[in-house]
Amino acid sequence: MLHAVIAAATEEAAPNPLIPEPYDIIWSAVCFVVILFFFWKLVLPKMQKLLDDRAEAIEGNIAKADDAQRKAEAALVQYTAQLAEARAEAGQIRDQARTDGQRIVAEHKEAATAEAGRIAASAKTQIEAERQAAVVSLRSEVGTLAIDLASGVIGESLSDDAKASAIVDRFLAELEASEAPVAGKI
C-alpha cells in the first residue's frame, strides 16, 4: 500500500477539463485585446456615428412633423375664420338681396298704383268728354225734335235756326233747373 501511495504521489495529477492551460489563456487574452482594440477604434465610432445620424434624422422628422402639425392647425384656424367670414358675407348678401327685393316690390307697387291712378283719371276725363259730347248731341237732337214737334203743333214752320236754338236752349235750361232740386233730394 505504501507503494501504491508513493506511486500515486509521484504520478502527476490528472488535468482538470474546466481549467485551460496557461498558454491558451495568454493567447486568448492577446486575441481579445486585439479584437477589442479593433472594435474600439474602428467599429464603435462608426456605429456611434450611425446611431447619432439616425437620432438626428428621427429628431429632425419629429421637428418637421411638429412644424407641419402647427402649420396644419394654423391653416385650419385660418380656414375656419375664412369660412365664418364667408358665411357672414353670404348672410349680408342675402339680407341685402331681401331688402332690395322688398324695395323693388314697393317701387313696382307704387308705380302700379300711380299708373292705375293715371289710367283712372284718363278714363274719367274721357268719360266726362264723352258725356259732354253726348249732352251736346242730345241737345241738338232734342232741339231738332222739339222744333219739329212744335212746328207740327203750331202748324207754322220754325225755320229760323237762331230763334229755334234760343227757344230750345231756354227750354233745356228750365228743364235742368227743375231737375236740380229733384236730384238734390235723392
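Q: Which residues can be part of a surface patch?
A: The model is predicted. A patch is made of residues with over 30% relative accessible area and no salt bridge. For a nonpolar patch, the side chains joined within 5 Å are those of Val, Leu, Ile, Met, Phe, Trp and Tyr.

Q: What is the area of the nonpolar surface patch that includes Ile 35?
A: Ile 35 is found in helix H2. Its relative accessible area is 48%, and the patch cut-off is over 30%, so Ile 35 passes that part of the rule. Among the other members of the patch are Phe 32, Val 33, Trp 40 and Leu 44. The area of the patch is about 930 Å².

Q: Is the pair of Phe 38 and Phe 39 stacked or edge-to-face?
A: A pair of aromatic rings is described by the distance of the centres and the angle of the planes. The structure holds 1 aromatic pair. The ring centres of Phe 38 and Phe 39 are 6.0 Å apart, and the planes stand at 80°. Planes over 60 degrees apart count as edge-to-face, so the pair of Phe 38 and Phe 39 is edge-to-face.

Q: Are Phe 38 and Phe 39 buried, exposed or partly exposed?
A: Buried means under 20% relative accessible area and exposed means over 50%, with partly exposed in between. Phe 38 has a value of 43%, and Phe 39 has a value of 39%. Both values lie between the two cut-offs, so Phe 38 and Phe 39 are partly exposed.

Q: How many helices are there in the protein chain?
A: The elements run α-α-α from the N terminus on. The chain has 0 strands. The number of helices is 3.

Q: Is Lys 71 buried or exposed?
A: The relative accessible area of Lys 71 is 55%. The cut-off for exposed is over 50%. Asp 67, the salt-bridge partner of Lys 71, has 31% and is partly exposed. Lys 71 is therefore exposed.

Q: What is the N to O distance in the salt bridge of Asp 95 and Arg 98?
A: Asp 95 and Arg 98 are 3 residues apart in helix H2, so about one helical turn separates them. Asp 95 is partly exposed at 43%, and Arg 98 is partly exposed at 46%. The N to O distance between their side chains is 3.1 Å.

Q: Which residue meets Asp 100 in a salt bridge?
A: Asp 100 counts as partly exposed, at 26% relative accessibility. The N to O distance is 3.7 Å, and the partner is Arg 103.

Q: What share of the residues in the protein chain is buried?
A: The protein chain exposes about 16,300 Å². Carbon and sulfur atoms supply 66% of that area. The chain has 186 residues, and the buried share is 4%.

Technical notes. Residues numbered from 1 in each chain as written. Predicted model: local features only at pLDDT ≥ 70, side-chain atom pairs only at ≥ 80, totals over all residues. Heavy atoms only, no water. Salt bridge = Lys/Arg side-chain N within 4 Å of Asp/Glu carboxyl O. Buried < 20%, exposed > 50% of the residue type's maximum accessible area, 1.4 Å probe, protein only. Helix = DSSP H or I, 4+ residues; strand = E, 2+ residues; numbered from the N terminus. Phe/Tyr/Trp six-rings, centres within 6.5 Å; stacked < 30°, edge-to-face > 60°. Areas by Shrake-Rupley, 256 points an atom, 1.4 Å probe, with all protein chains shown as cover. Patch = residues over 30% accessible without salt bridge, like charges linked within 9 Å, V, L, I, M, F, W, Y side chains within 5 Å.
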